[in-house]
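Here is a short report on a protein model.

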Amino acid sequence: MDSERILTKLRSEGYEISAEYEGSDVVIVNTCGFIDSAKEESFNAIKEAMNENGKVIVTGCLGVDEGVVREVAPDVLAVTGPQQYEQVVGEVHKAAPQPHEPYVHLVPPAGLKLTPRHFSYLKISEGCNHRCKFCIIPSLRGDLVSRPIRAVLREAEKLVEAGTQELMIISQDTSAYGLDLKHQTETWKDREIRAHMTDLADALGDLDVWVRLHYVYPYPHVDDVIPLMAEGKILPYLDIPFQHASPNVLRAMRRPANDAKVLERIKKWRGICPEIVIRSTFIVGFPGETEHDFQYLLDWLQEAQLDRVGCFKYEPVEGAAANELADPVPEDVKQERWERFMAVSQEISAAKLKARVGLEMAVLIDDVDDEGGAIGRTYADAPEIDGQVHLSGAEGLSPGDMVMAHIDDSDDYDLYASVVHEEEDEWDW
Ligand code: SF4
């Protein structure tokens with residue numbers, strides 16, 4: 001991720017990285033300007049860094065508009081935009097002259113990671129060719145630019161060598177990976193491999209760690225990764241940001257891969273790989289969404305029985321085309337729809353988790369306490385966004401260990417389990 005790249009580069013040059021304001025020569029604030037609440041948070045972070053330290057470099061999405069940042073904090077040392085790693089490093093050189101010798105050996109083999117060692121985000125592309133009306137990512141990050149497949153696979157290998165047990169594949173549009181490279185073929189371990197989501201998933205599957213696909217749009221070729229899940233090569237987990245189901249709203253949002261037959265396809269996927277877990281996010285209260293559209297979404301969700309679901313009330317984003325749309329939905333209606341949506345998704349989640357009680361499942365440990373308890377996840381849960389497994393009998397375990405656990409109980413979003421034994425086949429699910 002962006003912060004990690006900057007930190008890795010600075011560490012490789014001999015800089016010490018500190019999480020404290022006090023004593024630091026310079027503070028880097030990596031901002032997000034996607035929605036207004038994230039923007040607010042970024043502005044607060046800049047103000048706090050100015051108060052606490054005073055030598056601040058701002059980077060990330062908000063850096064696209066230096067004027068806005070300088071209105072809030074006129075004295076920041078520099079403002080750089082997203083993906084401008086070199087500029088950030090250059091500004092650090094100016095603010096805190098480089099230590100004499102670069103201690104390259106101080107960099108761990110997979111770079112400095114902000115996530116715990118046992119799971120890693122693997123970014124396969126930047127930018128997006130779509131123009132969804134509520135989104136400003138294309139104007140901040142530009143059109144799709146995919147990383148060459150060998151570079152992605154090399155990074156994945158390094159991460160696994162450094163102890164990563166789980167790779168989260170991220171981008172703005174994972175299904176579109178390689179489109180800009182015309183799915184160029186490269187040689188990888190004596191075989192020809194295309195810059196294409198299916199080939200990538202297949203090759204990552206050979207690394208024998210959990211591989212989880214995020215931000216997948218349901219283009220037809222998504223059908224080709226389902227057999228890889230059924231074979232156990234990658235996790236049977238698909239994160240598809242559907243955002244809505246009503247054809248009217250999807251059209252108004254200008255969503256990609258807006259496929260009316262998606263329910264049939266989900267059924268087909270479950271036929272091929274019954275364990276598949278589908279996570280998604282939705283927006284309620286998009287301008288012009290009628291009660292009929294919303295009810296269509298609820299009925300669709302009941303039928304689709306998605307396992308993990310997040311829901312947001314539509315919020316205007318500065319610079320987004322959706323701001324010009326007619327018929328805004330009043331706040332109280334948005335709130336009421338959000339509550340109805342969450343009630344349905346909670347019921348589905350609770351029923352799905354209840355069905356797991358009594359099973360034995362592989363659990364990857366994220367955190368342990370001093371009293372034999374631990375927090376972990378099964379294949380069905382991505383870190384930071386999905387549910388957790390609360391484990392007992394976890395004495396002697398460490399983050400990154402894989403255990404078999406008996407599922408004893410469940411609630412709306414989490415599982416409760418006891419450790420049966422340590423998993424021998426570490427990457428199995
Ligand atoms: S697919 Fe749509 S929502 Fe996602 S990054 Fe592209 S424009 Fe934004």
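With 10 C-beta neighbours inside 10 Å, Asp 327 counts as exposed. The model is predicted: local features need pLDDT of at least 70, side-chain atom pairs count only at pLDDT 80 or more, and totals for chains, interfaces and linings use all residues. Numbering starts from 1 along each chain as its sequence is written.

**Positive phi**

Most residues other than glycine have a negative phi. Asp 327 has a positive one. Lys 182 also has a positive value and is not a glycine. Lys 182 is exposed.

| Residue | Phi | Loop | C-beta atoms within 10 Å |
|---|---|---|---|
| Asp 327 | about 55° | between β13 (308-313) and α12 | 10 |

Helices (H or I, at least four residues) and strands (E, at least two) are DSSP runs, numbered from the N terminus.

**Helices**

Helix α7 spans residues 197-205; seven of its nine residues are buried, so the rest of the structure largely encloses it. The buried ones are Met 197, Asp 199, Leu 200, Ala 201, Asp 202, Ala 203 and Leu 204. Their cover includes α6 (149-161), β7 (166-170), β8 (185-188), β9 (191-194), β10 (210-213) and α8 (226-230).

Helix α11 (residues 291-304) packs against helix α12 (residues 331-354) at about 10°, with axes 10 Å apart. Axes are lines fitted to C-alpha atoms, for helices over the stretch in contact, and angles run from 0 to 180 degrees between N-to-C directions. The pair is therefore roughly parallel, a term for angles under 35 degrees. From α11, the contact uses Phe 294, Leu 298, Leu 301 and Gln 302; from α12, Arg 337, Arg 340, Phe 341, Val 344 and Ser 345. Contact requires C-beta atoms, placed from the backbone, within 7 Å.

**Domains and ligand**

The domain assignment, automatic or from a database, gives domain 1 (2-106), domain 2 (119-354) and domain 3 (360-422). The centres of domains 1 and 2, taken over C-alpha atoms, are 30 Å apart. Eight residues of domain 1 are in contact with seven of domain 2.

Which residues surround the ligand? They are Cys 128, His 130, Arg 131, Cys 132, Cys 135, Ile 137, Pro 138, Gln 172, Asp 173 and Pro 256. The criterion is a C-beta atom, placed from the backbone, within 6 Å of the molecule.

Notes. Two residues are in contact if their C-beta atoms, placed from the backbone, lie within 7 Å. A residue is buried if 20 or more other C-beta atoms lie within 10 Å of its own, exposed if 12 or fewer, and partly exposed in between; C-beta atoms are placed from the backbone. Angles under 35 degrees count as roughly parallel, over 145 as roughly antiparallel, 65 to 115 as roughly perpendicular and the rest as oblique.
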